[in-house]
Amino acid sequence: MAEHIVPRRTYYLVYLALLLCTYLTWQVSVFDLGPMNTVTALAIAVFKAAIVVLFFMHVKYATRLTWLVVFGSVFWLGILLALTFSDYLTRGWRTYG
Amino acid sequence: MPDRRSSNPAAASAAAPLGAGRPAASGPRLSAQTAGVVEHPALAHQFDDLEQQREASTLGMWVFLVTEVLFFGGMFAAYSLYRGWYPDAFAAASHELVVWAGAVNTTVLITSSLTMALAVHAAQTGERRQLLLFLLATIALGLVFLGIKAFEYRTEYVEHHVPGLGFEFEPMYFRHAQLFFSLYFLMTGLHALHMVIGIGIMAVMAWWSWRGIITREYYSPIEISGLYWHFVDIVWIFLFPLLYLIGRHLH
């Protein structure tokens, strides 16, 4: 990675987007959307995390090796969640709701 | 402190053939040494140049952050599991939190991430005064966050929402609301611990900036401390909706 100086303008735009998303998630949460409440909240959170990682944490401008490690963190988190829930969600003696 | 390496041009030239023989090395990276240019005092001897050193620092920090993702990931898994089992109790318990304080704290943390990003920018452009100011702003916002968090904990203590013998809640959800509050205190507590550590790191960074150790060429400490700070921000970005907002639609 050649040294890349992100312009301040980008930081301000990301900041604005983060504030808007926070406001959005706050407003949406008062409606009863059933399971969609969690889906919306998580979708907004993932978007916020993504722009923080890409711009504030400079991953957009980073080396491929860094990309790989960042992707690896998400991948291993996926394994952690998938294996955990493949157990708990398939136990017949519990009902969900 | 005088530079150990620059006073020894023989070492620099001796390193050049080794580096030149590496097939993967890119051209510009070697130019500093092959030309016998004086090395930067902050360059550790195992690196070819500052860029390589910077890349190694960034990568190392990211590898650490992977372990942090999994560390918090385990708690998010526990949270998801119990919330899946007891959704009504979790919503009712979440409804008792000081939601506005959580929202204000989210804004405070996001703002601190902005000041952190601007601190890195100031370090990259060599604006020492601005760097110091943005680092101090980040510390101040971190302290505001912890202050509001302390106010919340106090509220929950007074309202008997700390799990244990003094816990009080409507009988229907008594046991499972304790699960929610256990997870709440565990997750926000560990997050707050990360904030305390982050503030400590930023204090050291401010000290280094004041001393002039951080320069335009050597700003990796600011960069990777920033990575840590932003990571802690991201954890909160997930904690806020999952802990505070799941009961808002109830009343």
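View 1. A:His58 is buried, with 21 other C-beta atoms within 10 Å. Here "buried" takes 20 or more other C-beta atoms within 10 Å of a residue's own, "exposed" takes 12 or fewer, "partly exposed" is in between, and C-beta atoms are placed from the backbone. You'll find A:His58 in the loop between α2 and α3 (64-88) of chain A; helices like these are DSSP runs of H or I with at least four residues, strands are runs of E with at least two, and both are numbered from the N terminus. Phi of A:His58 is near 65°, a positive value in a residue other than glycine. Most residues other than glycine have a negative phi. This is a predicted model, where local features need pLDDT of at least 70, side-chain atom pairs count only at pLDDT 80 or more, and totals for chains, interfaces and linings use all residues. Residues are numbered from 1 along each chain as its sequence is written, while chains are lettered from A and ligands numbered from 1 in the order in which they are written.

**View 2. B:His160, an exposed residue with a positive phi.** B:His160 is not a glycine either, yet its phi is positive, at about 60°. Look for B:His160 in the loop between α6 and α7 of chain B. Buried or exposed, then, is B:His160? B:His160 counts as exposed, because it has 12 C-beta neighbours inside 10 Å.

**View 3. Where chain B meets chain A.** This contact takes 36 residues from chain B and 39 residues from chain A, with two residues in contact if their C-beta atoms, placed from the backbone, lie within 7 Å. On the chain B side, the elements giving two or more residues are α3 (50-85), α5 (99-124) and α8 (220-244). Of these, α3(B) gives the most, with 15 residues. The chain B side divides into 20 nonpolar, 12 polar and four charged residues. The model scores ipTM 0.92 and pTM 0.86.

**View 4. The largest nonpolar core.** This core has 77 residues, and those with the most contacts inside it are B:Ala119, B:Leu135 and B:Phe180. A nonpolar core is a set of buried Ala, Val, Leu, Ile, Met, Phe, Trp, Tyr and Cys residues joined through C-beta atoms within 7 Å. The most comes from α8(B), with 17 residues. Zoom in on B:Phe180 and, not counting residues up to four places away in sequence, you'll see it touch B:Ala89, B:Phe90, B:Ala93 and B:Ser94.

View 5. Chain B has eight helices and zero strands. Of its 251 residues, 36% count as buried. The mean pLDDT of chain B is 88, and 84% of its residues reach 70 or more; pLDDT is the predictor's confidence in each residue, from 0 to 100. Over residues 1-32 of chain B, though, the pLDDT is below 50. Where pLDDT is low, the predicted coordinates should not be read in detail.

Terms used. Nonpolar A, V, L, I, M, F, W, Y, C, P; charged D, E, K, R; others polar.
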